[in-house]
Amino acid sequence: KLKAFLTKRRDAFGEDARSFGLPAPRGLCLIGVQGCGKSLSAKAVARFYRLPLLRFDVGRVFAGIVGRSEENVRIALQLAESIAPCVLWIDELEKSLSGAASSHVSDAGTTARVISTITTWLQERTEQGVYVVATANDISRLPPELLRKGRFDEIFYVDLPARAEREDILAIH
């Protein structure tokens, strides 16, 4: 299903699509248990579209100086926009952005402001060509505003491979 989804949108990145009036693809979110291939799928998306892959490690943007974390997010997103077209891979989204509910108590609201910066960018970005692939293990730990309609084109559940799929994988290796 993921490959069919990507194939349908392959030409949506080009100038012809923009001049025709098609909206730029926004990206997708891959949810599933650990070890099911979400990260590998994110890498495969970049390879499939023949675009550079940027890994956005949200955990590394947090800094001790007030306001610096949000600035680090903005710098990272501006870098992705300057490299576009590209795939921006945000790995293990819920681990980096969980804790927003206690953010006002534990970190003076930094996590909440970082989430706000990312969600605003996801929703309002006008830059053509930054295709976001976010991965997460536990959807229940994600702030609901991250999964709101318009942030991603689609959300996919990636399950562990079935027996026949595991046999195919083992045959390859």
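Let's open with a loop. E92 lies in the loop between β3 and α5 (93–97). Helices here are DSSP runs of H or I with at least four residues, strands are runs of E with at least two, and both are numbered from the N terminus. Phi of E92 is near 50 degrees, a positive value in a residue other than glycine. E92 counts as partly exposed, at 33% relative accessibility. On that scale, buried means under 20% relative accessible area, exposed means over 50%, and partly exposed is in between, with a 1.4 Å probe and protein chains only.

Some ground rules. This is a predicted model, where local features need pLDDT of at least 70, side-chain atom pairs count only at pLDDT 80 or more, and totals for chains, interfaces and linings use all residues. Residues are numbered from 1 along each chain as its sequence is written, and side-chain values use heavy atoms, with hydrogens and water left out.

R50 sits in the loop between α3 and β2, just after α3. R50 counts as exposed, at 71% relative accessibility. Then there is a cis peptide bond, joining A84 and P85, with omega about 5 degrees. P85 is in the loop between α4 (68–83) and β3.

Now to α3 itself. Does its length agree or disagree with its residue count? It agrees: at 1.5 Å a residue, the 12 residues should span 16 Å, and the end C-alpha atoms are 17 Å apart. The expected span is 1.5 Å times one less than the number of residues.

Which residues of α3 are buried? They are K38, S41, A42, V45, A46, F48 and Y49. These cover an arc of only 165 degrees around the axis, which puts them on the same side of α3. The arc is that of the directions from the helix axis to the C-beta atoms.

What covers the buried residues of α3? The cover includes α1 (2–8), β1 (27–31), β2 (53–56), β3 (86–90) and β4.

K43 is in helix α3. At 39% relative accessibility, K43 counts as partly exposed. Leaving out residues up to four places away in sequence, K43 touches L53 and W89. Contact here means heavy atoms within 4.5 Å.

Next, the rings. How many aromatic pairs does the structure hold? Three. Rings of Phe, Tyr and Trp (its six-membered ring) pair if their centres lie within 6.5 Å; planes under 30 degrees apart count as stacked, over 60 as edge-to-face, and the rest as tilted.

The Y49–Y131 pair links distant parts of the chain: Y49 is in helix α3 (residues 38–49), Y131 is in strand β4 (residues 130–136), and they are 82 residues apart. Ring pairs link F48, Y49 and Y131 into a cluster. F48 is buried. Y49 is buried at 9% relative accessible area, and Y131 is buried at 0%.

Two arginines sit over rings. R55 lies over the face of W89, 5.6 Å from the ring centre. R125 lies over the face of W121, at 4.8 Å from the ring centre. The rule: NZ of Lys or CZ of Arg within 6 Å of the ring centre and within 35 degrees of the ring normal.

A stop at α7. T117 is in helix α7 (residues 110–124). T117 is buried, with a relative accessible area of 14%. Beyond four places in sequence, T117 touches E70, V73 and R74.

Last, cysteines. How many disulfides are there? Zero, taking a disulfide as a pair of cysteine sulfur atoms within 2.5 Å. The sulfur of C29 is 12 Å from the closest cysteine sulfur, in C36, too far for a bond. C29 is buried, with a relative accessible area of 0%. C36 counts as buried too, at 11% relative accessibility.
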